[in-house]
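Biologist: Could we go through the helix packing and a few individual residues in this model? Please state the cut-offs as they come up.

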Amino acid sequence: MSETLERVSQEIENLRNDMVETLVELIKIPAISPNYGYEGEYDKAQKLLEIIKDWPFDKVEVYNAPDERAKNGVRPNILAYYYGENGEESPRLWILTHLDVVPPGDLSKWTVTEPFKPVVKDGKVYGRGSEDNGQSLVASLYAVRAMMNLGIRPKRTIVLAFVSDEETGSKYGIEWLMKEHPELFKENDLVLVPDGGNEDGTFIEVAEKSILWFRVKVKGKQVHASMPDKGLNAHRVALDYAYHLDKLLHEKYSEKDELFDPPESTFEPTMVNGPADSPNIAPGEHEIVFDCRILPKYSLDEILSDAEKLAEEVKAKYRKEIDGEVLPEIKVEVIQRLDAPEPTDPNSEIVKLLQTALKELRRKEAKVGGIGGGTFAAYFRKLGIPAVVWATLDEMAHQPNEYAKIDNMVEDAKVMAALALL
């Protein structure tokens, strides 16, 4: 290990308590999307800006994506630059983390602490957003802080990006930045997205599956359950449709690719909604949502076409005219779609740098692979910019009693610093 990297690593160790304190302060602020009825990331972004206001970043920029549902009508995205040894001419390393977190879920399952009242216990920081994505956000901050404290300029300019809306599609985050400010991004940038990984930090994600979320809305005719012939039970139609769609998708799109884990496409029915509030009502409406993670070889257009074709077949099967209206109606609505881009080359500079850093700091060999998606990395890959997803995680994201392991946060900060220094 180089003397410079040793010094920076030791300084990161010295900052351990500051890192924990910063993570605790950020967890206290529930930065949850307006999609879930909350205010968004504004308060958390302001807290972060307050924390770094006296840090010697060369440039800090705030890009506010307009969203009238959010606090002050904006979803903030922060970019903080620490220039490399050749100033603005230095090659650039992006480290992207997200400000938003998911809702806490069933509060009764939070047994260690309340979601937004963080607790430090047994080498862990508990609270919603601690691991996803607070651990890596703080690690990236203090990788840079250590260099600042020592007066060291890295080989590469570090661009720390703290963005909004990762948990609900990135429409107001990285996607918005790329659309509205394409000048920010360069082909020769290197990108680390520390928002996925494994327990020992040996997995480097270079590929993601396509993502397709769609809602199926079935309309029938509500009726008393004792007289089903007078209406059309939307539940029955929806169950029939969902069963056959699930079967069709799994059978038709069944091939495997061992680059990914799991190696096959997945098609999971997740959310269900039906307005019947009594056991003796046959409902006239039913909704079901599918979350599909699809191998890049398959076409999302073809999958949607299959869903529409099956809808027509099921409609014909149950066709009934009631009060001049032809029922059922079956509508397939896309909620989110991300067609998988070309994977990052396993021999690209960012992959090799990360493998070298892990070998230097941890004496471990890292393997490359693909996941079900989706992360910020896909947006960079679409632009032809090599991006990897990596972190050391206990995989507590979205769970009750979510925690970040303090050792993981500190050790990942050292790897992030190494990417800029090597």
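Modeller: Axes here are lines fitted to C-alpha atoms, for helices over the stretch in contact, and angles run from 0 to 180 degrees between N-to-C directions. Helices (H or I, at least four residues) and strands (E, at least two) are DSSP runs, numbered from the N terminus. The model is predicted, so local features need pLDDT of at least 70, side-chain atom pairs count only at pLDDT 80 or more, and totals for chains, interfaces and linings use all residues. Residues are numbered from 1 along each chain as its sequence is written, and side-chain values use heavy atoms, with hydrogens and water left out.

Biologist: At what angle do α2 and α4 pack?

Modeller: Helix α2 (residues 16-27) and helix α4 (residues 130-150) pack at about 135°, and their axes are 10 Å apart. The two are therefore oblique to each other; angles under 35 degrees count as roughly parallel, over 145 as roughly antiparallel, 65 to 115 as roughly perpendicular and the rest as oblique. The crossing of α2 and α4 is right-handed, where right-handed means that the near helix is turned clockwise from the far one by less than a right angle, and left-handed means anticlockwise.

Biologist: Which residues make that contact?

Modeller: From α2 they are D18, M19, T22, L23, L26 and I27, and from α4 they are S130, G134, Q135, L137, V138, A139, L141 and Y142. Contact means heavy atoms within 4.5 Å. By class, the contact of α2 with α4 has nine nonpolar, four polar and one charged residues. Ala, Val, Leu, Ile, Met, Phe, Trp, Tyr, Cys and Pro count as nonpolar, Asp, Glu, Lys and Arg as charged, and the others, Gly among them, as polar.

Biologist: And how do α1 and α4 cross?

Modeller: The axes of α1 (residues 3-14) and α4 come within 9 Å and cross at roughly 115°. That makes α1 roughly perpendicular to α4. On the α1 side the contact involves R7, V8, E11 and I12, and on the α4 side Y142, A143, A146, M147, N149 and L150. These residues divide into seven nonpolar, one polar and two charged.

Biologist: What about α8 and α10?

Modeller: Helix α8 (residues 349-362) and helix α10 (residues 406-421) pack at about 130°, with 9 Å between their axes. They are therefore oblique to each other, and their crossing is right-handed. The contact of α8 with α10 has eight nonpolar, no polar and four charged residues.

Biologist: Which side chain makes a polar contact with R16?

Modeller: The side chain of D407 does, at 2.8 Å. A polar contact is a pair of N or O atoms within 3.5 Å; within protein, one must be able to donate a hydrogen and the other to accept it, and residues adjacent in sequence count only if both atoms are side-chain atoms.

Biologist: Where is D291, and what does the side chain of D291 contact?

Modeller: D291 lies in strand β13 (residues 285-294) and is buried, with a relative accessible area of 16%. The side chain of D291 makes polar contacts with the side chain of W213 at 3.2 Å and with that of R293 at 2.7 Å.

Biologist: And S90, buried or exposed?

Modeller: S90 is buried, at 4% relative accessible area, in the loop between β2 (74-82) and β3 (92-98). A polar atom of the S90 side chain lies 2.9 Å from the backbone nitrogen of N86, and the S90 side chain reaches the backbone oxygen of G87 at 3.0 Å.

Biologist: Which peptide bonds are cis?

Modeller: The bond from D132 to N133 is cis, with omega near 15°, and N133 is found in helix α4. The bond from D261 to P262 is also cis, with omega near 0°.

Biologist: Where does D122 sit, and what is the phi of D122?

Modeller: D122 lies in the loop between β4 (119-121) and β5 (124-126), and its phi is near 55°, a positive value in a residue other than glycine. D122 is exposed, with a relative accessible area of 66%.

Definitions and conventions
Buried means under 20% relative accessible area, exposed over 50%, partly exposed in between (1.4 Å probe, protein chains only).
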